[in-house]
Amino acid sequence: MACETPLTQMNANLLSLRDLSVHFAHRGGQTTVVDRVSLDLAAGQVLGIVGESGSGKSQLLFSLMGLLAGNGRASGRALFEGVDLLSLPPKALDRLRGASLSMIFQDPMTSLNPYTRIGDQLAEGLIHHQAVPRAQALAEAVRMLDRVRIPDAARAARRYPHEFSGGMRQRVMIAMALLVKPKLLLADEPTTALDVTIQAQVLDLMSEIASETGTAILFVTHDLGVVARICDRVAVLYGGRIMEDGPAETMLTSPAHPYARGLLATTPRMDDALTPRLPTIAGTPRSGGAMLPSCPFAPRCGARLPACDTMPPLRPFGPERRLACHLQGET
Amino acid sequence: MTPVLEARNLTVGYYSPGGLFTKPLFLPIVHEVSFTLQAGQTLGIVGESGCGKSTLGRALLHLIPAAKGQVLWRGENPADLPRAALRQRRADMQIIFQDPVAALDPRMTLGRILSRPLATFEPSLSKADQLTRVAEVLHRVGLSADFAGRFPHELSGGQAQRVGIARAIIGRPAVIVCDEPVSALDVSIQAQVVNLLMDLQAEMGLALVFISHNLAVVRHISHEVMVMCLGRVVEQAPRDAFYARPLHPYAAALKQAVPQPDVAAERLRRGQSLPGELPSIARPPAGCVFSSRCPKAQDLCRQVRPELTSYPAARTAACHFVDTPP
C-alpha cells in the first residue's frame, strides 16, 4: 500500500519508518498490532512514542531490533541511514545492533545475565562487535560505569547484577547501551519500574549523554510527564496507529486528537484544580482483535462522527504536526 | 468521635531466621507511626520502594502483628480480640492490592470470588441473597451482572481492579487499605478507578488508607498526607497545606521528582534531580534517614535523628532545619 503521508527531508533523517506494520500469526488468522506507521527521526533527536497497553508501542521497537516473537512479522520499510532494517539478513542486522543500534528494556533485572560480572557484560559488546581488545574494552566499561555515576566503578565492574539496586541496574543498562556509542537508542519504558527520584536521575542522565554523543533516542513511554522531560517530538499511538504527532511542546499544550486530549486530561498533575471527579476516558484500551475499519479510538471517543466508521488518513496539521481525525477543521 | 482506625507509636518488623547458634534478629521496618483516621476520610501514604508503606498497610489490618505500639479499630485493639471475634471484625477492614489480576484466584469465577467474603462474614445469608448481593456489587463498580460467570483471565487490568474493589466492599467495610491500587493500570483507567473509590467513599462513609508512590494521584484523593522514608514518617500534614509547601526536604524532593506534562516546567527541572540513593533499610543511618541525599544536610543531621515535631496548621515534620511557614 502506498504511504499515506509523504514526509519531507527523507535523507536528513537517521531513521525513517515507512508504512511499518507488525502482524502476529495465530490459529485464528493474523492480528495486526502496528498498522502502517510512518515516522522520521533526525540525529540527536528524542522522539517519544506514547500509548497505553495494546497500542503496539513496544512491538514497534522490537520489530526494528529484529526481536519480534516467532509468530511475528514486520512489513513496510524501516530505513536506518538508508538501510532497510526489516530486509537485512540476520548477520548484517546483528552487526548493526552492536555498533549503531542499542536498546534499553523496561525491566533491568531480566535483561542482565545474572551469572556474568557487570564489567564483562558491558565489555562484551565492544569485544564482539568492534573487535576491541579485552583489557581496553574492560577499561572503557569502567569509564562508562563511572559516567553513569555508579559509585566506585572499578569495583562495581567485578560485581554481579543482583548486587545492585533497581536504579543502579538501569544505569548499568544505559551504560551498556551507550558504550558502543550507538547512533540510535531504542528505549522501552526505561524508567517505569524505577522510583520517582531515581527516574528523574536516569532521565537527566539520558538527555545529557544523548546530547553529548548526538545519539538519537526513540523513547517509548505511557507517561506524558516523562515526554515533557525528555522528548523533542512525540507520536501518540492508539490501536497500532498514529493518532497525532508533532513537537512535544505543542502536543502537550494544544493536543488536537480527542485521544491525545483525553490522555492529557487524565494525567494527574500537581497543580490542576481539585475536582470531585477526575476527567476520564470511557471504556478500556483496545487489546488484540482484528484491525477495525473505523478509527481505533472511535468506540471510546466522545466526539464521534458518522465519518469515523472509516479510518481517517494521517494528514499535515499545522507546522510539523500530523493528525488522523475526521474532526480536523471542525474544532 | 472514635476514629475508625488509629495507630499509636506503631512499630512493625520482621525476624530474620536464626541459625543453629544465632538468635533470630528483629529488623524493624516501620518505626513509631501514629495517626487517627475518621470515617469518610482518606489518609495518603507516600514513599519510594522499601520505605515500609506496604508493611504499614498490612500491620493496620493486623495481618502482621505490631512489635511495639498499637493499632486500634474503632478504639479496640485487634490483638486483644479472641479469634472468632477477630474474624468477624475483619469484615470492617478490607484491602485492595496493586496487581489486580494476581489478587484474584484464577480458578474461581468472579461470582465465587465475590461471594467468599459473604460466606465468611454473613453465613446466615441464603444462596439467593448472596447472588443478589454479588449482582448489586458488580453493578456498583460498573460491571454488568454477567461478569459473575467469568474468570479472572478474561478481564483487563482495570476490570480486575473493579472486581478487587467489589470484593472489598461487598461486606460493607468501614476501612479499605488501598496498596498502590492504580499503579499497574493505564493512565486513562487510573482516573476511572480513583473516581470509583471517591464515589464509594462519599456513599458509604468509607475511610481509605491510600498507599502510593505518586504524589499527583494522592493529591486528588487524600485529606491528609503522610510521607515515609526508610520506615519513618518524615512529614504528615493536611493535603492543601502539604501541597502548598512541603516542610521536609525529602517530601519536597518527591514532589519535585514527579514529571509533569508541561514542557516549560520540565525543561527547567532538567539536571536538577537529587543525586544518590537511599541507604538500605537493614542498615539505616545513625542520624536523619534522608541525610545521605539531603541538599540541606549538616553534621548534626548525620549524627542526631530529628524527632517528629509539630508545626502550625496541624502538621508535623522530622527535620532539624525546617523553615517554619509564615
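**View 1. Strand 1 and strand 2 of chain A, an antiparallel pair.** Strand 1 (residues 13-26) of chain A runs antiparallel to strand 2 (residues 29-42) of chain A, and 10 bridges link the two. Strands here are DSSP runs of E with at least two residues, helices are runs of H or I with at least four, and both are numbered from the N terminus; two strands pair if DSSP finds at least two bridges between them. A hairpin of 2 residues connects strand 1 to strand 2 of chain A. Look for Leu20(A), which sits opposite Val37(A) of strand 2. In a regular strand, side chains alternate between the two faces of the sheet.

A word on what you are viewing: this is a predicted model, in which local features need pLDDT of at least 70 and side-chain atom pairs count only at pLDDT 80 or more, while totals for chains, interfaces and linings use all residues. Residues are numbered from 1 along each chain as its sequence is written, and chains are lettered from A and ligands numbered from 1 in the order in which they are written.

**View 2. The open sheet of chain A.** Here 8 strands of chain A form an open sheet with mixed pairing, in the order 6-7-8-3-9-10-12-11. Strand 6 (101-104) and strand 11 (315-316) of chain A are at the edges with a single partner strand each, so one side of each has no neighbour in the sheet. Further in, strand 10 (residues 241-247) and strand 12 (residues 322-323) of chain A pair in the antiparallel sense over 2 bridges. Asp245(A) faces Arg322(A) of strand 12 there.

View 3. Chain A is assigned domain 1 (13-100 + 180-286 + 293-323) and domain 2 (108-179), with bounds from an automatic or database domain assignment. Their C-alpha centres are 28 Å apart. In this view, 17 residues of domain 1 are in contact with 14 residues of domain 2, contact meaning that the C-beta atoms, placed from the backbone, lie within 7 Å. On the domain 1 side, helix 2 (90-99) and helix 8 of chain A each give two or more residues, and helix 8 gives the most, with 5 residues. That side divides into 12 nonpolar, 2 polar and 3 charged residues. Ala, Val, Leu, Ile, Met, Phe, Trp, Tyr, Cys and Pro count as nonpolar, Asp, Glu, Lys and Arg as charged, and the others, Gly among them, as polar.

**View 4. The contact between chain A and chain B.** Chain A brings 41 residues to this contact and chain B brings 36 residues. Helix 8 (196-213), helix 9 (224-230), helix 10 (248-253) and helix 11 (258-266) of chain A each supply at least two residues to the chain A side. Helix 8 of chain A again gives the most, here with 8 residues. The chain A side comprises 18 nonpolar, 15 polar and 8 charged residues.

**View 5. Val209(B) in the largest nonpolar core.** Of the 193 residues in this core, Val209(B) and Val234(B) touch the most other members. Such a core is a set of buried Ala, Val, Leu, Ile, Met, Phe, Trp, Tyr and Cys residues joined through C-beta atoms within 7 Å; buried means 20 or more other C-beta atoms within 10 Å of a residue's own. Beyond its neighbours within four places in sequence, Val209(B) is in contact with several residues, including Leu37(B), Leu43(B), Ile45(B) and Val175(B).

Terms used. Two residues are in contact if their C-beta atoms, placed from the backbone, lie within 7 Å. A residue is buried if 20 or more other C-beta atoms lie within 10 Å of its own, exposed if 12 or fewer, and partly exposed in between; C-beta atoms are placed from the backbone.
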